[in-house]
Amino acid sequence: MNPQPTRAFPADFVWGAATAAYQIEGAAFEDGRGESVWDRFAATPGKVRSGDTGAVACDFYHRYAEDVGLMRELGLDAFRFSISWPRIFPTGAGPANQAGLDFYDRLVDELLAHDVQPFATLFHWDTPQALEDAGGWTVRATAERFVEYAAAVSARLGDRVGHWITHNEPEVVASLGYGSGIHAPGRTSEADTIAASHHLLLSHGWAVAVLRANAPAAQVGITLNLSQIDAASESPADQTAARDLDGRNNRWYLDPIFRGEYPEDVVASYGADSVPVLDGDLQTIAAPIDFLGVNNYFRHVVRASANGGGPRIVRNPDAEVTDMRWEIYPQGLYEVLLRVERDYAPVSVYITENGAAFGDVRIHDGSVHDPERQDFLRTHLDAVGRAIADGVPVNGYFVWSFLDNFEWAEGYSKRFGIVYVDYPTLERIPKDSFYWYRDFIATHRAVVAGAS
Ligand code: FCB
C-alpha cells in the first residue's frame, strides 16, 4: 500500500509512538523497584488472562537502547513512555530511589541523542501497592503522594523533558480499577469510582503547578480516553442513555479540566454528596494546560436498558472489529476532535494513543504482515487530517503501540505493536505497518520540504 499524501498535516507535526512502563519494562523487582497494584493484581489467580504478568514484559528496561535505535529507523519525532511510580517511590513515600530515577535519566538521554523528543507520562496506572493498601485513589493522601512523586521526577528530568502528561485515562483507572474491577486494584464500588476520579483529577491540578515550577519551559497536559457515543436509535430513551454515558465517560473529565465544574446531570445521578470535593479543588483541577492528550480506539453505540438501569453498550454485528472486539470507526475520531474543539477549545491537542490489536503472526520468512493495522492507521490518520482541515489544533499523533506488550487484563494475547515481540526470545521484528508508518512520515517530510 502506498503512503498517502500528507499535506493535511502541519510542517512541525509530531510523529510519535506510545508505550507505558508496566506494559513494556519488565525488571519488575530490579534496582529497588517496589510493588505496584498491577504486580499484585497480575499475581492474583483469575485476574489476567493466562496468568500473564509484567515481570519480564518486553524487557525494555534492559533493551531500551536497541529500541531507541528502531525508533530512529522509523523516523519518529517523539516517543511517549511512562514513568513507573514504584521505581521512584517503592513504598509510595519517603526518599526517592535514585536507581529508579537513573533509568529514566539514561532513557531520556538516549532519546535526545537520537533526536527523539521524550513525552513523559507520570501515571499510567501503576500505583505503588503500599498506597493502595492505605486507600489508593479513594483517599486524598494518594493525591498528595502523587505530587511528591511529580516533584521528584520533574526535578531530575525537567531540564530535558519538554512534554509532560500527568495522567493517562483517569476514567479507565476509576471505572475499571474501582468500579468493574477488571483492572487493578480490582475494586467494585461506585462510591470508590467517584472518589477515585476526583482524587485523580485533583492530583493532576496540583501536579501541573509542580511541573510548571520545575520545568518552566515545558508543555504540560493530561491524556483522556475520549470516544464518540452514539444512540442506537432516535428514541428519547436511547438518546438519554447516550447522553448519560457521554456524561460519565467524557464530560466528567473534560468539564472540570476546562470549565472548573462537574457536569450537573452526572452529579445529580451520582448524588450531590457523593463527590468528595473540598473548597478550591475545582479551581485547582482547572489549572490551564498547554495541551489535551486524546486517546481514541472505538466508538460506543448505546441503548437504554429495558429495566430502567444505566446505558447499555450494544454491538453492531456487521461492524468490523479488532482483536479486542472494538469497532473500527475512524469517523468517531474525527467527531471526537471536532466536539472537543467546539465545546472546550483546547490550545493544542495531541493524539496520544490510537491503534489496533490484530492476531499477528510471524511467518516462515520471518516477516509479519499486518494489512489490517496499516488500514486502521491510514483511515484514522485521514480522520485526523480532516479534523485539522476543519480547524482542530492537532499537533501530533502517537501510534499505540511501538511494541507488542502486556495488554492489562488481556495479558500478552493482544498485539498492538508496529513492532512484533517474540516473547520467548524477546526479539523485535518490525511489522509491515512499521515500514508503512516510516514511509508515511518520510512522505510528509518530503512534502513539507518541497513546499518550503
Ligand atoms: C489504553 C491504554 C493503553 C493500552 C491501550 C490499548 O486504554 O491507555 O495502555 O492498553 O488502551
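Modeller: In this predicted model, rings of Phe, Tyr and Trp, the last by its six-membered ring, pair if their centres lie within 6.5 Å.

Colleague: How many aromatic pairs does the structure hold?

Modeller: The criterion is a distance of within 6.5 Å between ring centres. By that criterion the number of aromatic pairs in the structure is 45.

Colleague: Are the planes of Trp 38 and Phe 41 stacked or edge-to-face?

Modeller: The ring centres of Trp 38 and Phe 41 are 5.1 Å apart, and their planes stand at 75°. Planes over 60 degrees apart count as edge-to-face. The aromatic pair of Trp 38 and Phe 41 is therefore edge-to-face.

Colleague: Which helix holds both Trp 38 and Phe 41?

Modeller: Trp 38 and Phe 41 are 3 residues apart, about one turn of the helix. They also belong to one aromatic cluster, together with residues including Trp 125 and Trp 408. The helix that holds both spans residues 37-42 and is H2.

Colleague: Is Phe 41 buried or exposed?

Modeller: Residues under 20% relative accessible area count as buried. Trp 38 has 1% and is buried. Phe 41 has a relative accessibility of 4%, so Phe 41 is buried.

Colleague: Which residue has a side-chain N or O atom 2.8 Å from an oxygen atom of the ligand?

Modeller: The residues around the ligand include His 124, Glu 169 and Glu 407. For Glu 169, a side-chain N or O atom is 2.6 Å from a ligand oxygen, and a polar side-chain atom of Glu 407 also lies 2.6 Å from one. The residue at 2.8 Å is His 124.

Colleague: How many charged residues does the shell around the ligand have?

Modeller: Among the residues surrounding the ligand are Glu 169, Glu 353 and Glu 407, and Glu counts as charged. The shell also has 5 nonpolar and 4 polar residues. The number of charged residues in the shell is 3.

Colleague: Which residue's side chain is joined to that of Thr 223 by a polar contact of 3.0 Å?

Modeller: Thr 223 lies in strand E5, which covers residues 219-225. Beyond four places in sequence, Thr 223 touches residues including Asn 168, Glu 169, Asn 295 and Thr 352. The side chain at 3.0 Å in a polar contact is that of Thr 352.

Colleague: Is Thr 223 buried or exposed?

Modeller: The limit for a buried residue is under 20% relative accessible area. Thr 223 has a relative accessible area of 0%, so Thr 223 is buried.

Methods. Residues numbered from 1 in each chain as written. Predicted model: local features only at pLDDT ≥ 70, side-chain atom pairs only at ≥ 80, totals over all residues. Heavy atoms only, no water. Near = heavy atom within 4 Å. Polar contact = N/O pair within 3.5 Å; in protein donor to acceptor, adjacent residues only side chain to side chain. Helix = DSSP H or I, 4+ residues; strand = E, 2+ residues; numbered from the N terminus. Buried < 20%, exposed > 50% of the residue type's maximum accessible area, 1.4 Å probe, protein only. Contact = heavy atoms within 4.5 Å. Phe/Tyr/Trp six-rings, centres within 6.5 Å; stacked < 30°, edge-to-face > 60°.
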